[in-house]
Amino acid sequence: MGFTAALPHALGRDARYYAQVESTPGTFVRATGGGAFKAKKFGLSYDIAREYRTDNRASRSEYEQITGKEKVDWEIEGYLIPSGSAGTAPDMGEIFQALMGSETVTPATSVAYGLNNTQSGRQTLSMTRYMSVFMDQLRGCIVTSGKISGKGSDPFMCSFKGRAYGATFTDNSTLNGAVVASTTNIVEAVDQYSFEPHATHGSIVMVGANDNTNTGYMVTGRSGATLTLEATLSAADAADVLPFAPAETVSGSPIGGIVGSLSLDSVSIPITGFEVEIDNQDVIIEDEVGQPGMTDAIPGMRKISGSFDVRIRRDQVRILGHRKNSSFTTRAVSIVIGSTAGRICTVSMPQIEVTFSSPEVPDGSDSVTCNIPFRALASSGSATDEISIVFT
């Protein structure tokens with residue numbers, strides 16, 4: 001069996017990912033080239049609850065299920081990629097703002113992401129995962145947690161997790177008959193293919209060479225094998241009906257692990273790894289009668305934690321004493337990633353409290369190491385200054 005051109009595989013290298021800010025939470029915004037970002041992984045978990053009937057019946061067999069709530073989880077992991085230009089947000093800037101709440105742009109200088117206590121600052125996102133022969137469109141995405149990490153000389157990484165109001169799946173097919181200046185399109189073998197219709201978040205497709213001026217055609221209606229599109233087009237019989245997403249417009253390059261440093265109370269210390277996680281601990285509203293799934297989220301009590309790994313030398317033993325002897329004094333941590341203007345990310349936590357950790361004492365002559373965990377605190381009961389992420 002050789003390669004079959006008519007049955008191309010979905011390849012990870014062909015994937016394209018997009019994030020767009022929603023003006024109304026849960027109202028899908030279709031992908032644009034400028035909304036694209038690079039990632040190593042974009043995972044999606046979609047589930048619709050199906051409950052077996054348990055009332056009385058003559059048979060011992062299960063014979064019917066009842067549809068329940070749907071649940072959409074997503075996860076993104078990729079390199080930490082600044083834009084390459086100071087004062088220009090990274091491609092994942094929309095995701096950072098949805099995680100933290102505020103974005104402050106100083107032209108030609110910096111883009112800073114900080115925390116706030118309002119619900120409006122943490123915008124919802126529409127996300128698109130395009131895989132050439134299929135596509136997922138997520139609406140009402142909230143970013144529940146995010147992490148920045150580094151280890152050894154590996155590239156610095158970032159990851160995000162969240163929930164979504166809903167998801168639309170788009171398959172592929174071919175036309176069963178030519179189309180001339182019409183919104184009505186008949187596809188082959190409809191039971192084998194999935195095109196979800198909706199006025200605002202239906203499947204987005206291209207038909208033959210028609211891509212609706214680089215925006216795609218939304219499937220607004222479907223009756224059996226007949227698809228209704230949002231605008232007219234003309235195409236030949238057997239023309240491909242494929243998911244559509246625009247070409248990417250992305251910028252920047254990953255930062256190698258050889259250009260980074262960590263300072264504790266303004267004293268630089270050598271580390272072998274670190275991670276910082278922001279967990280919004282959102283309360284998902286998904287129990288409303290008459291709704292298929294999630295309809296909103298309530299920001300919870302934010303938790304910011306992390307750790308860094310060190311080899312214990314004489315001058316670093318003091319770190320182990322911070323938790324035992326410091327009367328819970330808070331300390332400032334600054335992690336600087338990168339060294340070239342436009343490609344620097346600084347994670348600052350002015351008040352961390354180091355928690356207890358035990359050195360790992362190996363057999364033989366290997367060095368003693370220790371993982372130092374910490375929690376980041378705000379400076380007061382009304383402050384939101386426990387962490388900032390600044391690209392310069």
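Author: Let's go through the inside step by step, from cores to cavities to one helix. This is a predicted model, where local features need pLDDT of at least 70, side-chain atom pairs count only at pLDDT 80 or more, and totals for chains, interfaces and linings use all residues. Residues are numbered from 1 along each chain as its sequence is written, and side-chain values use heavy atoms, with hydrogens and water left out.

We can begin with the nonpolar cores. A nonpolar core is a set of buried Ala, Val, Leu, Ile, Met, Phe, Trp, Tyr and Cys residues joined through side-chain atoms within 4.5 Å; buried means under 20% relative accessible area, with a 1.4 Å probe and protein chains only. The largest core holds 56 residues, and the members touching the most others are Trp74, Ile95, Met127 and Met349. Another core, of 14 residues, lies apart from it and includes Val179, Phe195, Tyr217 and Val241.

Next come the aromatic rings. Rings of Phe, Tyr and Trp (its six-membered ring) pair if their centres lie within 6.5 Å, and this rule gives nine aromatic pairs. Phe96, Tyr113, Phe160 and Phe391 are linked into a cluster by ring pairs.

A cavity is a set of points on a 1 Å grid over the protein atoms alone where a 1.4 Å probe fits but cannot get out, and its lining residues have an atom within 4 Å of a point. Grid points are joined across faces, edges and corners, and a volume is the space filled by probe spheres set on the points. The whole structure has five cavities of 30 Å³ or more. The largest has about 80 Å³ of space, and its lining includes Phe96, Cys158 and Phe391.

Finally, take H1 itself. Helices (H or I, at least four residues) and strands (E, at least two) are DSSP runs, numbered from the N terminus. Seven of the eight residues of H1 are buried, among them Ile95, Phe96 and Leu99. Just after H1, Gly101 takes a positive phi of about 120°.

Methods: Buried means under 20% relative accessible area, exposed over 50%, partly exposed in between (1.4 Å probe, protein chains only). Rings of Phe, Tyr and Trp (its six-membered ring) pair if their centres lie within 6.5 Å; planes under 30 degrees apart count as stacked, over 60 as edge-to-face and the rest as tilted. On a 1 Å grid over the protein atoms alone, a cavity is a set of points where a 1.4 Å probe fits but cannot get out, and a pocket is an open set with protein on both sides within 12 Å along at least five of seven lines; lining residues have an atom within 4 Å of a point.
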